[in-house]
Amino acid sequence: MGNYILVYLICFLIFVAWLYYEQRKRQKMMQKASDDFWAREEEANSTRLKDISHLPLIQIDPAELPAPDTTDASVLLYVGKLREAIQNPMIDLSEYSNTDLKLAYGVGNFKTLSDYDENFSNFLLILTNLARTCAQAGLDADARDCYETALRYGSRKASDYEELAQTYLRLDCPERVSQLIADLDQSDYPRKSTLIEKLKDVLATYQ
């Protein structure tokens with residue numbers, strides 16, 4: 001009995017020592033990550049202004065935009081907002097963190113580039129809002145065009161994929177959903193397996 005208690009005590013002490021070691025290691029890793037972040041942020045905030053004239057702004061021809069033939073006030077409201085949005089300078093900087101952006105182009109360009117990126121996000125948001133409004137108005141072909149345009153210009157929202165798939169089915173085009181799934185499978189979309197399963201579920205509802 002005494003030997004059993006001794007073995008148990010030794011195992012318990014080993015476990016406590018291991019747990020303490022792991023906690024210390026995790027704390028050191030977290031501290032290093034924090035130190036590295038603030039070191040990069042300090043460097044970013046002292047990075048000199050760099051030339052951004054070469055950056056390719058997103059230029060959108062109004063002829064590329066969906067033009068629903070309707071008198072629906074809500075649809076026309078978003079059409080007007082969309083045409084206003086494309087007049088603003090836009091660039092997709094979604095792959096940059098704020099720190100990366102300042103390191104790459106200088107802290108003096110941060111506000112300008114952030115505005116350009118926000119303009120692009122606003123453009124995509126208006127486009128998908130127009131798509132939903134068209135769908136609510138029974139304009140499924142126009143809704144399809146809006147979603148396809150949003151994805152073509154880089155929307156990464158899972159809801160845009162799902163709603164486009166649903167729109168394809170309302171237009172009796174299940175093969176387009178299958179193609180959407182195939183294209184997604186070949187892409188670098190993050191966590192694409194989850195989205196693909198959702199699109200397969202949408203497709204399974206087609207009768």
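I looked up T133 and found it buried, with a relative accessible area of 10%. The cut-off for buried is under 20% relative accessible area, so T133 qualifies. I note that the model is a predicted one.

I placed T133 in helix α4. Leaving aside residues up to four places away in sequence, I listed its contacts as S74, V75 and Y78. I also checked T133 against K200: the two are 67 residues apart in sequence and 25 Å apart in space, C-alpha to C-alpha.

I then turned to the nonpolar cores. The largest comprises 38 residues, and I recorded I60, F123, Y161, L180 and L199 as those with the most contacts inside it. Two or more residues each come from α2 (73–85), α4 (110–136), α5 (140–152), α6 (158–170), α7 (174–185) and α8 (192–204). Helix α4 gives the most, with 8 residues.

For I60, I found contacts with L65, I86, M90, F123 and Y153, again not counting residues up to four places away in sequence. Another core, of 7 residues, lies apart from the largest one; I52, L55, I91 and L93 are among its members.

Last, I examined α5 and α6. On the α5 side I listed D140, A143, R144, Y147, E148, A150 and L151; on the α6 side, D160, Y161, E163, L164, T167, Y168 and R170. By type, I recorded the residues of this contact as 7 nonpolar, 1 polar and 6 charged.

Terms used
Residues are numbered from 1 along each chain as its sequence is written. This is a predicted model: local features need pLDDT of at least 70, side-chain atom pairs count only at pLDDT 80 or more; totals for chains, interfaces and linings use all residues. Side-chain values use heavy atoms; hydrogens and water are left out. A nonpolar core is a set of buried Ala, Val, Leu, Ile, Met, Phe, Trp, Tyr and Cys residues joined through side-chain atoms within 4.5 Å. Buried means under 20% relative accessible area, exposed over 50%, partly exposed in between (1.4 Å probe, protein chains only). Helices (H or I, at least four residues) and strands (E, at least two) are DSSP runs, numbered from the N terminus. Contact means heavy atoms within 4.5 Å. Ala, Val, Leu, Ile, Met, Phe, Trp, Tyr, Cys and Pro count as nonpolar, Asp, Glu, Lys and Arg as charged, and the others, Gly among them, as polar.
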